[in-house]
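Dear colleague,

I am handing over the structure below, and after it you will find a short account of what was found. Please keep it open beside the text as you read.

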Amino acid sequence: MKNNKTRKISKLKNDSKWAALMLTPNILGFLMFMLIPMVATFALSFTKYDMLRPPKFIGFNNYIKMFKDPIAREVTLNTIIYTVITVPTGMAISLLLAVLLDQKIALKRFYRACYFLPAISSMVVVSIVWQWIYNPEYGILNYFLSLIGINGPKWLQDARTSLVAIAIVGIWKNAGYNMLLFLSGLQGISTSYYEAATLDGASKWQQFKYVTLPLLKPTTFFIFIMSIIGSFQVFDQVMLMTKGGPGRSSSVLVHYLYQNAFQYFDMGYACALAYLLFFLVLILTLFNMRAEKKMGEIY
Amino acid sequence: MKKKKKAKKTIKITPVRIITHVLLMLGAATMLVPFIWMLSSSFKSLTEVFAFPPTLFGEAFKWENYFEISGRFNYFHYFLNSIKVSLWVVIFQVFTSATAGYVFAKMNFPGRDKIFTLYLATMMVPFHVTVITNFLQMSNYGLVNTLWSLMLPATVSTFGTFLMRQFFITVPNELIEAAKIDGCNPFTTFFRIAFPLAKSTIATLAIFSFMGVWNDYFTPLVYLNDQRKYTLPLGLASMQGMYSTNWPVLMAASVIAVLPVLIAFIFAQDAFVKGVMMSGLKD
């Protein structure tokens, strides 16, 4: 009996050793490239550091500078505008596509592949093609608009439309991905709900409103959070298509962070901006989690 | 067979069905037109690209555009660099994620769940919070401007670890006990029993990390400034800046850049779809 127990303990210890050994490469990478950099970024956000001289502690000055910096305010506002444009529109389009595809329908796989094509292509390729689409002189978008009698704007070259143009590309690229998430949510809804609703004489629209939408709420919530987090980190298409311009009209938080860190080499300030981004994402996530918890109580 | 017949019978042409198809076609066209134009202009001459109104086909197929790419740019280098980085990242990410995922799912040691919670928590931390100090770290090691700066930090993935753990949890404990009784140590149990079972999840993770690395623009932009070290996305972006007037050649280069992911997608559509759906799982 006693022997058995000690054997068990020694086996557990042995297991722990193996576990530690098997975990080492992963933990090492996690510490080196994830956790320590996270902490170091926070520490550096309280310093002035240009990579030439050693970091100098300056307390909260970077954060104070951030609140006074009109550019920081403008890029944060642009990021929020971008989010407000892309998230609801993108979700509505993805949901529509998912509902349409969630039927017995011919060419299902073909449609799914088409919608997913932008999602698997790199933003660089997408940006190159969209720059042609947006070109005021020979682009296809203004050509189509001219067919219905609209004189198209200069899209990327106009401060009034540049952010919208960037947002359209964002919506276009992510529509298929979110559609797929919605589709898997829809397939999780039991058909018996619809059968019952049909028996009660509910129309298609009523079924959608009173069965599909409420039961799809967890999926919708998840996509909502992920889309917001994603759109707060938008960078590629900004850097590739407008470089933030004209002026600062399409510059976003990550773009400004990139400029500060890797063009102006103001590392301390860039770290403070990184934590502003982190803070905003954290607030949104916590807020959403609370709302979701409340929703859980309702059901 | 019987089922098929039944399905055919129930499909009627109704107005709703027609509207559905029209909408789906419209959506598909919106998604496809940019790619079709990319393909068609990669075969056009320089003047045809700027034709207004735009035309779908040029006078003749100009294959020359495809041969001109490597003559004008270090395109071959970009491609090779992309392949190097992708191979490294896919292989190591799968290996480190699978071993750690297995430990988190099936092995016991003190503090296991706390560490895993930490992993989960960092999954929502924006990438940009770590990139600055990772850059400083790489610069300290003298690795900036080498492909190592792209490969090393991507060796471990929290998402991959999470994905693999989710799979290994579903493996029955009896199977692992049986392997132990047969004299396997924990590593051989993992490698011979659990790892082969995880084939489809591994395929999903591999394809996901491949897509991520192959298309990544931000990381190379930060770490690389030597033209010969560029990966495809960065190379393409620089080609556009350097030689923006030659659209046909640029489009041909873009077509080639998209092809590998497209081929992977065509052959493994279900693994892709599974990956998206898995990324939608919370716990």
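A salt bridge is counted here when a side-chain nitrogen of Lys or Arg lies within 4 Å of a carboxyl oxygen of Asp or Glu. Please bear in mind throughout that this is a predicted model.

By that rule there are two salt bridges across the interface of chain A and chain B, while the count over all chains comes to seven. One joins the side chains of A:Arg109 and B:Asp270, at 3.6 Å from N to O. Because A:Arg109 lies in helix α4 (residues 108–120) of chain A and B:Asp270 in helix α16 (residues 269–279) of chain B, this pair joins two chains. A:Arg109 is partly exposed, its relative accessible area being 47%. The side chain of B:Asp270 also meets that of A:Arg112 in a salt bridge, at 3.9 Å from N to O, and through shared partners A:Arg109, A:Arg112 and B:Asp270 form one network.

The contact between the chains involves 86 residues from chain A and 93 residues from chain B. The area buried between them is about 8300 Å², and carbon and sulfur atoms give 77% of that area. Of the area that chain A buries against chain B, A:Met22, A:Phe33 and A:Ile120 supply 9%, which is more than any other three residues.

Chain A also has salt bridges of its own, including one between A:Asp266 and A:Lys65, whose closest N and O atoms are 3.2 Å apart. This pair links distant parts of the chain, since A:Asp266 is in the loop between α12 (253–262) and α13 (267–298) and A:Lys65 is in helix α2 (residues 61–68), 201 residues apart. A:Asp266 counts as buried at 14% relative accessibility, because the cut-off for buried is under 20%, whereas A:Lys65, at 38%, is partly exposed.

Turning to helix α6 (residues 140–147) of chain A, its buried residues are A:Ile140, A:Asn142 and A:Leu145. What covers them includes α5 (123–134) of chain A together with α2 (15–41) of chain B. After this helix comes A:Gly149, which has a positive phi, near 80°.

Lastly, a search of the whole structure finds zero disulfides over all chains.

Technical notes: Residues are numbered from 1 along each chain as its sequence is written. Chains are lettered from A and ligands numbered from 1 in the order in which they are written. This is a predicted model: local features need pLDDT of at least 70, side-chain atom pairs count only at pLDDT 80 or more; totals for chains, interfaces and linings use all residues. Side-chain values use heavy atoms; hydrogens and water are left out. A disulfide is a pair of cysteine sulfur atoms within 2.5 Å. Contact means heavy atoms within 4.5 Å. Buried area is the accessible area (1.4 Å probe) that two parts lose on being put together, summed over both. Buried means under 20% relative accessible area, exposed over 50%, partly exposed in between (1.4 Å probe, protein chains only). Helices (H or I, at least four residues) and strands (E, at least two) are DSSP runs, numbered from the N terminus.
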